[in-house]
Amino acid sequence: MTKININDMLTSYDTKHFTIATVCSHSSLQIFNGAKKEGFKTLGISVGEIKKFYDAFPLGRPDEFFIVDNYKDITKYSEELREKNVVVIPHGSFVEYLGAENFLKLELPTFGNRDVLIWESDRKKERQWLEGADLTMPKEIKDPKQINKPVIVKYHGAKGGKGFFVAKTFEEFRKRLEKNKPYIIQEFVMGTRYYLHYFYSPIQNNAYKLSKGSLQLLSMDRRDETTIDEVQRLGSIAELEEIGIHPTFVVTGNIPIVMRESLLPKVFKMGEAVVEKSLELFGGVIGSFCLETVVTEDLEFKVFEISARIVAGTNPYVSGSPYSEYIQPNLSTGRRIAQEIKFANKKSLLHKILS
Ligand code: AMP
């Protein structure tokens, strides 16, 4: 866990009246809705103004807004936010807007283990973690001259698939590569994509048991990515590339999905291994995390990425998923997070799930 001492920070808190807070974007409607269902007050941090669209969704609207000039300023307001008994639920945009460094030193109780960011944002460390857990990742191609099948080229720091490109030959790679931008080359895995939404509780033993705590699978989605997912309406990718139209991988939405049931044991084995390895490496990936996978024609999973907090792919499941329905009706990831905070508070275990 980070250097911030949670118990010290919580001494000034009225722990009977926590306020669940997040940045007004990404999965905020779901987080606020889930927190409300569990009886929490909610607070939305927004830049410049109250976002009007929340008025159209009263059950996903935060009870209060906290307006800042710039997301990076959130660190300056920690004292004010602590006076409101705020517990932060970070999502992908929260971390991106605030910046990793600011996020790591934010003096507010934050759901999950912030140390995970170091392992998730550095591609080498991420590989060390996931391969250390015996997961299969797409092969990395070190020498572009060795490209002899489709590869995906990822620039460092590229977010949400923006700026990735696909190449099938060295020649194509050379033509497309932007100079002076660090990149990695990965085998383009053929198969179908599944984004698996897990929840790991280090303090509850009522699900798939691990060495410490237990694991749930709350849902899964497939991302809708423009233009790759629909470009074939205009012609084959090869045809389009000939006239200089290249597919892109920018996420625009999420599609609900279920997987053949016989694959579920593998899904749990992967989740288990990822958590066990994380406990060994940095104290554990706590709460929600997502494995981004491709299932090949041999029904093998290849994992190309991990997101160590609530992902927007959980948004189709505000009132439960075909998996969470077997845990509890109406259980979203946002609600599950709120339940974990409530449970930990009751058992005086908040220091195990907040950082
Ligand atoms: P990422 O930003 O790593 O989540 O990647 C963005 C998108 O690119 C993914 O959602 C996939 O559609 C695609 N992608 C990334 N890596 C691979 C890979 N190794 N093989 C096939 N598709 C990939």
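**Reading a predicted model, feature by feature**

Trainee: How does Asn330 count at 36% relative accessibility?

Mentor: Buried means under 20% relative accessible area, exposed means over 50%, and partly exposed lies in between, with a 1.4 Å probe and protein chains only. At 36%, Asn330 therefore counts as partly exposed. Before we go on, remember that this is a predicted model, in which local features need pLDDT of at least 70 and side-chain atom pairs count only at pLDDT 80 or more, while totals for chains, interfaces and linings use all residues. Residues are numbered from 1 along each chain as its sequence is written, and side-chain values use heavy atoms, with hydrogens and water left out.

Trainee: What is the phi of Asn330, and where does Asn330 lie?

Mentor: Helices (H or I, at least four residues) and strands (E, at least two) are DSSP runs, numbered from the N terminus. Asn330 sits in the loop between β13 and α11 (333–346), and although it is not a glycine, its phi is positive, about 65°. With 27% relative accessibility, His26 counts as partly exposed.

Trainee: Which peptide bond is cis, with omega near 5°?

Mentor: Look at the bond from Thr226 to Thr227, which is cis with that omega; Thr227 belongs to strand β10 (residues 214–227).

Trainee: How many residues does helix α10 have, and how far does it reach?

Mentor: The expected span of a helix is 1.5 Å times one less than its number of residues. Helix α10 (residues 264–282) has 19 residues and reaches 27 Å from its first C-alpha to its last, which is close to the 27 Å expected. Its buried residues are Leu264, Val267, Phe268, Met270, Gly271, Val274, Val275, Lys277, Ser278 and Phe282. After the helix comes Gly283, with a positive phi near 90°.

Trainee: What is the strand order in the open sheet of three strands?

Mentor: Two strands pair if DSSP finds at least two bridges between them. Here the order is β6-β5-β7, with antiparallel pairing. The edge strands, each pairing on one side only, are β6 (165–167) and β7 (183–187). The twist averages 30° from one strand to the next, where axes are lines fitted to C-alpha atoms, for helices over the stretch in contact, and angles run from 0 to 180 degrees between N-to-C directions. Five bridges hold the antiparallel pair of β5 (residues 151–155) and β7, and Tyr155 has Tyr183 of β7 as its bridge partner.

Trainee: Why is strand β13 largely enclosed by the rest of the structure?

Mentor: Seven of the seven residues of β13 (residues 301–307) are buried, so the strand is largely enclosed by the rest of the structure. Strand β12 (residues 287–295) runs antiparallel to β13 and is joined to it by six bridges, with Phe301 in β13 as the bridge partner of Val295. The two strands form a hairpin with five residues between them, and Leu299 in the turn has a positive phi of about 60°.

Trainee: How many cavities of 30 Å³ or more does a search of the whole structure find?

Mentor: Rolling a probe the size of a water molecule over the atoms shows where empty space is left. On a 1 Å grid over the protein atoms alone, a cavity is a set of points where a 1.4 Å probe fits but cannot get out, whereas a pocket is an open set with protein on both sides within 12 Å along at least five of seven lines; lining residues have an atom within 4 Å of a point. Grid points are joined across faces, edges and corners, and a volume is the space filled by probe spheres set on the points. The search finds three such cavities. The largest cavity holds about 130 Å³ of space, and of its 16 lining residues, Pro90, Phe111, Gly112, Ala308 and Arg309 are the closest to its centre.

Trainee: Which residues line the second largest cavity?

Mentor: The lining consists of Arg123, Glu126, Arg127, Met137, Glu140, Ile184, Gln186 and Phe304, around about 50 Å³ of space. The largest share, three residues, comes from α7.
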